[in-house]
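Take a look at the protein below. This report walks through its domains, one of its helices and some of its charged pairs.

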Amino acid sequence: MITITTTDELAGFCKEARTHDYVTVDTEFLRERTYYSKLCLIQLAMPGDTDDGAVLVDPLADGLSLEPLYELFRDTSVVKVFHAARQDLEIFYVDARVFPEPLFDTQVAAMVCGFGEQVGYETLVRKIAKESVDKTSRFTDWSRRPLTEAQKTYALADVTHLRSVYEYLAAQLKKNNREKWVQEEIRILTNPDTYIINPADAWQRVKTRTTSGKFLAIVRELARFREDFAQSRNVPRSRVYKDDALVELASTKPLTLTDLGRSRLLLREARRGEIADGILAAIKAGVECPADQMPRPDTSRDKLQVNPALADLLRVLLKAKTESSGVASKLIASASDLDAIAAGVREVSALSGWRREVFGEDALRLCNGRIALAAKGKDVRIVEL
């Protein structure tokens, strides 16, 4: 079992990897105590039936540069294979503003190939590779050194079995002519906007029960300060203050440190120092926000005149399409998509790209009265009108 600890060793592996069609990739990281994920281990494997060609890369080793790996990521002749790649991609994008290209995500591919909603790696390994994965090291501290043999074995299995999973799913996609479907989903994963959190927009992630512009102005400023502070100090936003404390502060609008001390939900550390000063400044900015600059939540979906009967028919159609195509329903259309279509909205993802081919065209025909649905036994069939 090889663990790479120098830049030269990594460059040598990546040079050999670039002679193959693909390489499998996984990471181990920690995020409980930081805003950004702390990369602790990288696993890589070239095609093959054994552990030969599979390595562990220790990014915590002194002097090791990941640039050879990033050069491999930029090499478009080699497919980079991940499972559930989003968090891995965020790490590499934040570190080096690089995305692996081309990218293949076996979780996305599995949803297109009939393995259900967000299928786990262990399930795919069991069903496709006919192997089992030892989960005992999953929740260990990957930042501690030295790594145990059990940790190394667990980590390596994440890329060695992934080879069989990838080869099977890639063949299925080609056979069913669905490669472009996965590519559409991959474009979302490799969009920088997926990973960049603008502090000015952070308020939109806070759940509130009001649409008051003045209240939301205070929420916006408190969320902006929290995001700025968490990013600059690399601490979890919950360590600054949690959402329930943020909403409480927006409601009570403390103006002094004494007022702040009366908060029921604010952490002790946030009642003094930089955080306390930031809170009071944010509340002041929110209170003084001009009316024309107050945030306005998107309530367009709340005002939709949804035809409930049509929405129910669309759900039946989606279930039928899911069963006939083998594609996970949540990947095709969400419940809000169906309600929007039933209300006459046409700018939804379910009506574009490959989703339109699988579901969208017939959904529109159903809305326009050109088809009906009929039950025969356990099957739902489309009837032309």
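## Three domains

This is a predicted model. The protein chain is divided into domain 1 (2-194), domain 2 (199-288) and domain 3 (301-384). The centres of domain 1 and domain 3, taken over C-alpha atoms, are 35 Å apart. Eleven residues from domain 1 and twelve residues from domain 3 make the contact.

The size of an interface is often given as the accessible area lost when the parts come together. Here domain 1 and domain 3 bury about 940 Å² between them. Carbon and sulfur atoms account for 56% of that area. On the domain 1 side, Met111, Glu117 and Trp181 supply 54% of the area buried against domain 3.

Eight residue pairs are in polar contact between domain 1 and domain 3. Helix H4 (106-112) and helix H7 (179-189) each supply at least two residues of the side of domain 1 that touches domain 3. That side has five nonpolar, two polar and four charged residues. The count of salt bridges between the two domains is one. Arg355 and Glu185 meet in a salt bridge through their side chains, at 2.8 Å from N to O.

## Helix H3 and its neighbours

Which residues of helix H3 are buried? In this helix, residues 86-96, they are Asp88, Leu89, Glu90, Ile91, Phe92 and Tyr93. The buried residues of H3 pack against several elements, including strand E2 (22-30), strand E3 (38-45) and helix H2 (67-74). Helix H7 is also among them. Just after H3 comes Arg97, with a positive phi of about 55°.

## Arg145 in its loop

Arg145 sits in the loop between helix H5 (121-129) and helix H6 (149-175). Is Arg145 buried or partly exposed? Its relative accessible area is 32%, so Arg145 is partly exposed.

Leaving aside neighbours within four places in sequence, Arg145 is in contact with Cys40, Asp58 and Leu60. Its side chain makes a polar contact with the side chain of Asp58, at 2.8 Å. The side chain of Arg145 also reaches the backbone oxygen of Trp142, at 2.6 Å.

## Salt bridges along the chain

Side chains of opposite charge can pair when their charged atoms come close. In this model the count comes to 22 salt bridges. One of them joins Arg226 and Asp243, whose closest N and O atoms are 2.8 Å apart. Arg226 is in helix H8 (residues 213-233) and Asp243 is in helix H10 (residues 243-252), 17 residues apart. Arg226 is buried, at 4% relative accessible area. Asp243 is partly exposed, at 31%.

Arg315 forms a salt bridge with Asp339, with the closest N and O atoms 3.2 Å apart. Arg315 lies in helix H13 (residues 308-325) and Asp339 in helix H15 (residues 335-342), so this pair ties together parts 24 residues apart in sequence. Arg315 is partly exposed, at 32% relative accessibility. Asp339 is partly exposed as well, at 26%.

## A linked network

Arg365 forms a salt bridge with Glu384, and their closest N and O atoms are 2.9 Å apart. Arg365 is in helix H16 (residues 353-367), and Glu384 is in strand E8 (residues 379-384). Glu384 is exposed, at 54%. This pair belongs to a network of salt bridges that links Lys321, Asp362, Arg365 and Glu384.

Terms used. Residues numbered from 1 in each chain as written. Predicted model: local features only at pLDDT ≥ 70, side-chain atom pairs only at ≥ 80, totals over all residues. Heavy atoms only, no water. Domains from an automatic or database assignment. Contact = heavy atoms within 4.5 Å. Buried area = accessible area lost by both parts, 1.4 Å probe. Salt bridge = Lys/Arg side-chain N within 4 Å of Asp/Glu carboxyl O. Polar contact = N/O pair within 3.5 Å; in protein donor to acceptor, adjacent residues only side chain to side chain. Helix = DSSP H or I, 4+ residues; strand = E, 2+ residues; numbered from the N terminus. Nonpolar A, V, L, I, M, F, W, Y, C, P; charged D, E, K, R; others polar. Buried < 20%, exposed > 50% of the residue type's maximum accessible area, 1.4 Å probe, protein only.
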